[in-house]
Amino acid sequence: MPGKKIPLSIINSIMPVILALLIGGIIIAMIGQNPFTTYQVLFQQSLFTPQGLAYTLHGAGPLILTGLAIAITFKANIFNMGVEGQFILGGFIAGIVALYCKALPGGLAQFICLIAGIAGGMLFALIPALLKTYFRVNEMVVTLMLNYAMATVLEFLTTGIFRDNGSGYVTTPMIPKNVMFPRFGDTRITLFFVIAILVFIIMYLVMKKSVLGYETTAMGKNPAFAEATGMRVGNKIVTLMLISGALAGLGGAGYMLSDQYSYTLNFSANPGMGWDGMLVSLLGGHNPVGILVAAIFYSALKNGSQDIDIFTGVPQEIIAVIQSLLILFLSVKFISENTHALDKIRSFFHKKNGMEEE
């Protein structure tokens, strides 16, 4: 019954979080600390204090965009694993374009930089899209490898012609102040978070209320049937990859203008906003609302790690352990959903038990 599907999908999304926190709690107890106190500090400081909540929302901005970039393709059974590469390219291009916008008004300069970042992400996503459409090349392998190629190219450019020679570390020059997104009051929130929310609303309408959204779902459930009904699947693949690249590029550009202000070799941190976006998308079940909630939760988790290090005796590395457990459980869920492995295992044991009873 349709009424039973909603709670089940929510349970499927929450269960990996519960299991990760449960095992994390056991580890915290084993080192002699109270897991309940630790989790209380973690979420209270990152979600229930004005500064902490603002910092968490600021961190959620790029995660919302990279999560949506993953979801729009994964729902169509197209696996764009190159969001990380598109994100850093968008950030790099925005950072370089910003250097030439010093004389422009702030709003116009920011708009140009964001468009440049979006264009960079789209162009980079177009390569695997065309290879997939016209040559049947596996997009998962291509996009995965392009991430490393792009990181290497940007490292070459950052250490070479675009390096800020006045800096003591490898970085591009700092973007002009007129291009930076100003903060709202004393918080870390900037206009970029507002943009991310507006994009989230647009993507919600696209994925839930538009023809493209219905076609995307149809492609994901049965691509052969979708093609047989007259849908131009090749064109849809290119369109979805371009949207995905645009979202990732916008995320990188906004992250540059609101947080980093220059491109360094650690611009996207480790494991990277693109990879975090994949986790967020899986956690949110590729649903826009789920992605919004998952992005805020994941940002709170990262933000609160510093607080538990300060207010409790638990090292902040425990958050990395919980993140790793989340990835593990979400990977099991992803593999199970796409290969029906658990159904096959259940079927195997069912047949075996049936043979034994006979």
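Guide: This is a predicted model, where local features need pLDDT of at least 70, side-chain atom pairs count only at pLDDT 80 or more, and totals for chains, interfaces and linings use all residues. Residues are numbered from 1 along each chain as its sequence is written, and side-chain values use heavy atoms, with hydrogens and water left out.

Visitor: Which residues lie nearest the centre of the second largest pocket?

Guide: A pocket is an open set of points on a 1 Å grid over the protein atoms alone, where a 1.4 Å probe fits, with protein on both sides within 12 Å along at least five of seven lines. Lining residues have an atom within 4 Å of a point. Here the lining has 30 residues. Nearest the centre are A269, K302, N303, S305 and Q306.

Visitor: Which helix supplies the largest share of that pocket's lining?

Guide: Helices are DSSP runs (H or I, at least four residues), numbered from the N terminus. Helix 3 (50–74), helix 10 (233–260), helix 11 (273–283), helix 12 (288–311) and helix 13 (317–339) each give the lining of the second largest pocket at least two residues. The largest share, six residues, comes from helix 12.

Visitor: Is L257 buried or exposed?

Guide: L257 sits in helix 10. Its contacts (heavy atoms within 4.5 Å), leaving aside neighbours within four places in sequence, include C113, L114 and F181. Buried means under 20% relative accessible area, exposed over 50%, with a 1.4 Å probe and protein chains only. L257 has 0% relative accessibility, so this residue counts as buried.

Visitor: How many disulfides does the count come to?

Guide: A disulfide is a pair of cysteine sulfur atoms within 2.5 Å. C101 is buried at 3% relative accessible area, and C113 is buried at 0%. The closest cysteine sulfur to that of C101 is in C113, at 4.5 Å, so the two are too far apart for a bond. By this rule, the number of disulfides is zero.
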